[in-house]
Amino acid sequence: MTSHELQLQSGDDSRWQWIVGAYAYFNSAAADPNTSLDGSLRRTLETFGTLKATAYAGFAQATVPFGEGWRATLGARYSQEK
């Protein structure tokens, strides 16, 4: 399993607070019914299997001040998983 995330954000002293980023996830696993953790043969009927998962996401959020003591926050995220 491997995952990575990249974030870029405004400085603490910025009037508009914002963040944008990307995320990626990769995983792969396989099952072999002829072996077990201790290396002995298994005596039950099992099937071979392979699992692969890949996910990507992009996100953004911004907070904008307006008026006296008011602010608005808007965010979005897109993700795709296979």
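User: In this predicted model, which residue in β4 does Y56 stand opposite?

Analyst: The model is a predicted one, and in it strand β3 covers residues 49-66, while β4 covers residues 70-81. These two strands run antiparallel and are joined by 12 bridges. Within β4, the residue that stands opposite Y56 is Q80.

User: Which strands are the edge strands of the sheet?

Analyst: The sheet is an open one of four strands, paired antiparallel in the order β1-β2-β3-β4. An edge strand pairs on one side only, and the strands that do so here are β1 and β4.

User: What does the twist average from one strand to the next?

Analyst: The strands concerned are the four of the open sheet, which follow the order β1-β2-β3-β4 with antiparallel pairing. Going from one strand to the next, the twist averages 10°.

User: Is S10 buried or exposed?

Analyst: S10 has its place in the loop between β1 and β2, and its side chain is joined to that of Q17 by a polar contact of 3.5 Å. A residue counts as buried under 20% relative accessible area. Because the relative accessibility of S10 is 10%, this residue counts as buried.

User: How much accessible area do L8, W16, W18 and V20 have together?

Analyst: L8 has its place in strand β1, which spans residues 2-9, and strand β2 spans residues 17-31. On the surface, L8 forms a nonpolar patch with W16, W18 and V20. Taken together, the accessible area of these residues is about 410 Å².

Notes. Residues numbered from 1 in each chain as written. Predicted model: local features only at pLDDT ≥ 70, side-chain atom pairs only at ≥ 80, totals over all residues. Heavy atoms only, no water. Patch = residues over 30% accessible without salt bridge, like charges linked within 9 Å, V, L, I, M, F, W, Y side chains within 5 Å. Areas by Shrake-Rupley, 256 points an atom, 1.4 Å probe, with all protein chains shown as cover. Salt bridge = Lys/Arg side-chain N within 4 Å of Asp/Glu carboxyl O. Pairing = 2+ DSSP bridges. Axes fitted to C-alpha atoms, helices over the stretch in contact; angles between N-to-C directions. Buried < 20%, exposed > 50% of the residue type's maximum accessible area, 1.4 Å probe, protein only. Polar contact = N/O pair within 3.5 Å; in protein donor to acceptor, adjacent residues only side chain to side chain.
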